Amino acid sequence: MDQYAQLLAGLTGSGALGEEWRGAFERAPRSAFVPGFVWIPDDDSPSGYRRITRTENPGDWWSLVNADDVVVTQVDDGGENGPGVVTSSASKPRLVASMLRHLDVADGHAVLDIGTGTGWTSALLCARLGDHRVTTVEVDPVVAAGAARRLRAAGFSPTRVVGDGLAGWPPGAPYDAVHSTAAVRRVPLTWVEQTRPGGVVVSAWGTPYANAGLLRLVVGRSGRESHGRFVGDVSFLWMRGQRPHAVTRPESAPEHRGPSDLDPELALEDVHAAFAIGVRVPGVRYEHVWDGADPYGTYRMRLSDGAGSWASVRYGGWDAEDAVRQAGERRLWDEIAAARLWWLEAGRPAVTRFGLTITPDGTQTVWLDDPGNRVA
């Protein structure tokens, strides 16, 4: 039994891959859709990644492609000498199986697949439903062209669109399900409007602070709200049109300093705490930087809301009088500490206790346990 067959057997045995999808995974092996070169982490590379190829590194390539893990297929949107930001990948097979299962598709259903990427998920949908039932959209023309070649070579012909997935694809609507392999901060109203009532939208969803939820949204009747729950914790690449802002410090805003009431380690205690904090502190993104000039010689968490507010807190000596720096209209670190306290008082709720509602005008609210218990 080869490595991919062993992977499928393991996924099936654990219940991660249902029998209704097993045949599709066999007909469309991931190796048929991963490009001949992929990227692996490399601390000695300026970008943090090194390219390996199937021809020059066959053992490494096959081992990566047939493992239950993510395979990086593009960095820096395909540009040269970038910072090493992953911008396209082949998702972890276990996660792909989970997302497809949450679609609840049946024979005859039509699916809109957002983010063609390598073409693998599109192929799986085609193998399960038929080519004419699948429409796939990819924003990057180079990535789309590569996926088209691999889909043709494997014998699959979904409707392929090169364009912004946030707009969906109205000519194919209504769909029974929308499946997005890229994360959003706001579910596009276009996806809801292009899905039949009772249909399902499955997408990674997150905040700039924590890209961490897998949303399963059930579309309501015309003029009614759509409700959904977060059915797992995942982290996907962002839709290009919804990528978070860079963390920047305002140059002219006066700076306020003081001690922290919260150990910064606890602001990222686990995915559930980070998810809740991100929901309660909208628009805020963080990064970690080394502050060698600090008396403690320590890492700092820097935060920004992209609208002029900024904060920084050091990990070493976090309760010292000058540990926290804040500027702008919002006191971002104070908001982070208050949000974590809310999470504790709410009983440390897991991601799966949260849900999301979208109104007919596109207003999006997050709730805990019940749509009536709005938290953001």
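The model is predicted, and local features need pLDDT of at least 70, side-chain atom pairs count only at pLDDT 80 or more, and totals for chains, interfaces and linings use all residues. Residues are numbered from 1 along each chain as its sequence is written, and side-chain values use heavy atoms, with hydrogens and water left out.

Pockets were located on a 1 Å grid over the protein atoms alone, a pocket being an open set of points with protein on both sides within 12 Å along at least five of seven lines, and lining residues being those with an atom within 4 Å of a point. Grid points are joined across faces, edges and corners, and a volume is the space filled by probe spheres set on the points. By this definition the largest pocket holds about 1100 Å³ of space and is lined by 44 residues, of which Val86, Thr87, Phe236, Leu237 and Trp238 lie nearest its centre. The lining of the largest pocket comprises 21 nonpolar, 17 polar and six charged residues. Helices (H or I, at least four residues) and strands (E, at least two) are DSSP runs, numbered from the N terminus; among those that each supply at least two residues of this lining are helix H4 (93-103), helix H5 (120-129) and strand S4 (86-90), and S4 gives the most, with five residues.

The second largest pocket contains about 600 Å³ of space, and of its 26 lining residues Phe37, Trp39, Thr73, Gln74 and Gly78 lie nearest the centre. Its lining divides into eight nonpolar, 11 polar and seven charged residues.

Two strands are taken to pair if DSSP finds at least two bridges between them. Strand S9 (residues 195-205) runs antiparallel to strand S10 (residues 213-218), to which six bridges join it, and Val200 stands opposite Val218 in S10. S10 is also joined by six bridges to strand S11 (residues 226-233), again in an antiparallel arrangement, with Arg229 in S11 as the bridge partner of Arg216.

Helices H4 and H5 pack at an angle of about 45°, their axes lying 12 Å apart, where axes are lines fitted to C-alpha atoms, for helices over the stretch in contact, and angles run from 0 to 180 degrees between N-to-C directions. Angles under 35 degrees count as roughly parallel, over 145 as roughly antiparallel, 65 to 115 as roughly perpendicular and the rest as oblique; H4 and H5 are therefore oblique to each other.

Conventions:
On a 1 Å grid over the protein atoms alone, a cavity is a set of points where a 1.4 Å probe fits but cannot get out, and a pocket is an open set with protein on both sides within 12 Å along at least five of seven lines; lining residues have an atom within 4 Å of a point. Ala, Val, Leu, Ile, Met, Phe, Trp, Tyr, Cys and Pro count as nonpolar, Asp, Glu, Lys and Arg as charged, and the others, Gly among them, as polar.
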